[in-house]
Amino acid sequence: MAEKERRLYIAGNWKMHKTSGEARTLAAEVAKAVGGSSRTIMIAPPFTALAAVRDALDSSRVRLGAQNMACEESGAHTGEIAPAMLTDLGVETVILGHSERRAIYGEDDTLINRKVRLARAHGLEVILCVGETIEQREAGEAETVVSSQLEQGLAGVEELSGVVVAYEPVWAIGTGRTASPSDANAMHALIRSNVESWYDRDAAEALIIQYGGSVKPGNAAELLSQQHIDGALVGGASLEADSFVAIVRALE
Ligand code: PEP
């Protein structure tokens with residue numbers, strides 16, 4: 001498979017924004033505007049708005065995503081959401097290992113790996129987020145950190161179909177700073193080559209690797225045209241239909 005034959009995948013992470021009414025309206029606007037797009041598209045509202053967004057997406061081709069998931073099937077886990085609760089609501093994809101979960105809520109690679117394996121066991125597509133902090137980048141550790149997060153996140157995952165990787169340099173998230181397209185592409189190439197050595201060439205070539213970190217309508221086309229960048233995980237710009245749809249439509 002030639003690299004750019006991979007279908008571009010644009011995902012929106014709404015983080016802790018939108019009541020269910022607001023989410024329903026935004027989801028309906030997005031679904032209507034992207035009807036004819038050939039891209040894979042996903043939106044991940046807060047848990048409380050999943051049902052409203054599912055109803056608004058109706059028969060649209062936009063996938064329903066969640067922003068996190070528990071590491072256990074069920075039980076005494078106050079405040080957590082089990083995989084079966086997500087699939088019951090029609091969720092198809094779950095974002096795991098987001099840097100905000102790592103930094104604010106102390107999620108480590110072992111915990112994230114448990115979630116990755118559990119999500120796949122439930123048939124949920126996983127977007128596994130990896131990325132270095134600015135201190136790690138300045139210390140020349142970006143490649144080592146990202147490779148290690150990826151290796152630990154994928155430990156015990158035998159089959160890579162159903163796994164998407166999002167490279168999100170922490171210093172670019174919500175800051176307005178983006179990695180230069182060539183730096184981002186170089187990290188994506190490293191991720192792909194790691195995956196080739198751990199799995200095989202076909203798995204590496206088929207792997208969708210999204211870039212995340214201040215993706216906006218103005219920079220999306222240049223990022224998405226890079227050889228190893230197969231889509232975007234979009235935070236701030238996914239909160240308005242116009243900007244998210246402009247990113248979906250970049251290069252189309
Ligand atoms: C994100 O939250 O995954 C993200 C990339 O956010 P932003 O686009 O706002 O930088």
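User: In this predicted model, in what order do the eight strands close into a barrel, and what is the sense of the pairing?
Analyst: The barrel is closed by eight strands, which follow one another as β1-β2-β3-β4-β5-β6-β7-β8. Neighbouring strands of this sheet are turned against each other by 25° on average, with direction ignored. The pairing within the barrel is parallel.

User: Which strands does helix α11 lie across, and at what angle does the helix run to β1?
Analyst: Helix α11, formed by residues 241-249, lies across β1 (9-13), β2 (40-44) and β8. Its angle to β1 is about 160°.

User: Which residues of α7 are met by residues of α5, and how does the contact divide by class?
Analyst: From α5, the residues Asp-109, Asn-113 and Val-116 take part, and in α7 they meet Gln-149, Gln-152 and Gly-153. By class, the residues of this contact divide into one nonpolar, four polar and one charged.

User: Which helix gives the most to the lining of the largest pocket?
Analyst: The largest pocket has a volume of about 520 Å³ and is lined by 18 residues, with Met-16, Gln-67, Asn-68, Arg-101 and Tyr-105 nearest its centre. Its lining comprises nine nonpolar, five polar and four charged residues. With four residues, the helix that gives the most to this lining is α4 (residues 99-105).

User: Which elements each supply at least two residues of the lining of the second largest pocket?
Analyst: The second largest pocket holds about 240 Å³ of space, and among its 16 lining residues Leu-160, Ser-161, Gly-162, Val-163 and Ala-206 lie nearest the centre. This lining has nine nonpolar, three polar and four charged residues. The elements that each supply at least two residues are β6 (163-167) and α9 (201-206).

User: What is the phi of Lys-15, and what is the phi of Ser-214?
Analyst: Most residues other than glycine have a negative phi. Lys-15, in the loop between β1 and α1 (20-33), is not a glycine and yet has a positive phi. Ser-214, which lies in the loop between β7 and α10 (217-224), likewise has a positive value in a residue other than glycine. Phi is about 50° for Lys-15 and near 55° for Ser-214.

Definitions and conventions. Residues numbered from 1 in each chain as written. Predicted model: local features only at pLDDT ≥ 70, side-chain atom pairs only at ≥ 80, totals over all residues. Heavy atoms only, no water. 1 Å grid on protein atoms, 1.4 Å probe; cavity = no way out; pocket = protein on both sides within 12 Å on 5 of 7 lines; lining within 4 Å. Points joined across faces, edges and corners; volume = space filled by probe spheres on them. Nonpolar A, V, L, I, M, F, W, Y, C, P; charged D, E, K, R; others polar. Contact = heavy atoms within 4.5 Å. Pairing = 2+ DSSP bridges. Axes fitted to C-alpha atoms, helices over the stretch in contact; angles between N-to-C directions.
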